[in-house]
Amino acid sequence: MMYDDGYIPIPSSVRLDEIQPVAAFISKKIVVLKNTLATSDDVDEKIETISSIALCQTSISLLMIAYLTEDTSFIEQAKHLYRGI
């Protein structure tokens with residue numbers, strides 16, 4: 001929840017316990033995909049890799065929204081997006 005003064009409150013540990021493992025898992029996947037992109041010579045593989053990176057970034061964005069709004073449905077949406085990769 002954002003306040004007028006720009007203050008972001010300290011999150012409850014329950015929220016972080018749900019978000020942190022998912023975010024860590026997705027960020028590791030982004031690193032693997034980046035390395036795949038750097039070493040790939042196949043255009044189709046590069047396109048698929050870039051698409052997967054975009055989905056990972058979207059999942060991370062959903063986790064940030066879940067953190068700020070305290071709405072756990074965004075966590076489930078992020079997991080659902082990631083499972084598609």
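The protein has three helices and zero strands; helices are DSSP runs of H or I with at least four residues, strands are DSSP runs of E with at least two, and both are numbered from the N terminus. Read from the N terminus on, the elements run α-α-α. This is a predicted model, in which local features need pLDDT of at least 70 and side-chain atom pairs count only at pLDDT 80 or more, while totals for chains, interfaces and linings use all residues. Residues are numbered from 1 along each chain as its sequence is written, and side-chain values use heavy atoms, with hydrogens and water left out.

Of the 85 residues in the protein, 22% are buried. Buried means under 20% relative accessible area, exposed means over 50%, and partly exposed lies in between (1.4 Å probe, protein chains only). The accessible surface of the protein is about 5,800 Å², and carbon and sulfur atoms account for 60% of that surface. Such areas come from the Shrake-Rupley method with a 1.4 Å probe; for residues, only the protein chains shown count as cover.

V31 belongs to helix α1 (residues 13-39). Its relative accessible area is 49%, so V31 is partly exposed. V31 and I53 are 22 residues apart along the chain, and their C-alpha atoms are separated by 9.2 Å.

S59 lies in helix α2 (residues 43-69). S59 counts as buried because its relative accessibility is 0%. Leaving aside residues up to four places away in sequence, S59 touches I26, A78, L81 and Y82, where contact means heavy atoms within 4.5 Å. Among contacts in the protein between residues at least 6 apart in sequence, 57% join residues at least 24 apart.
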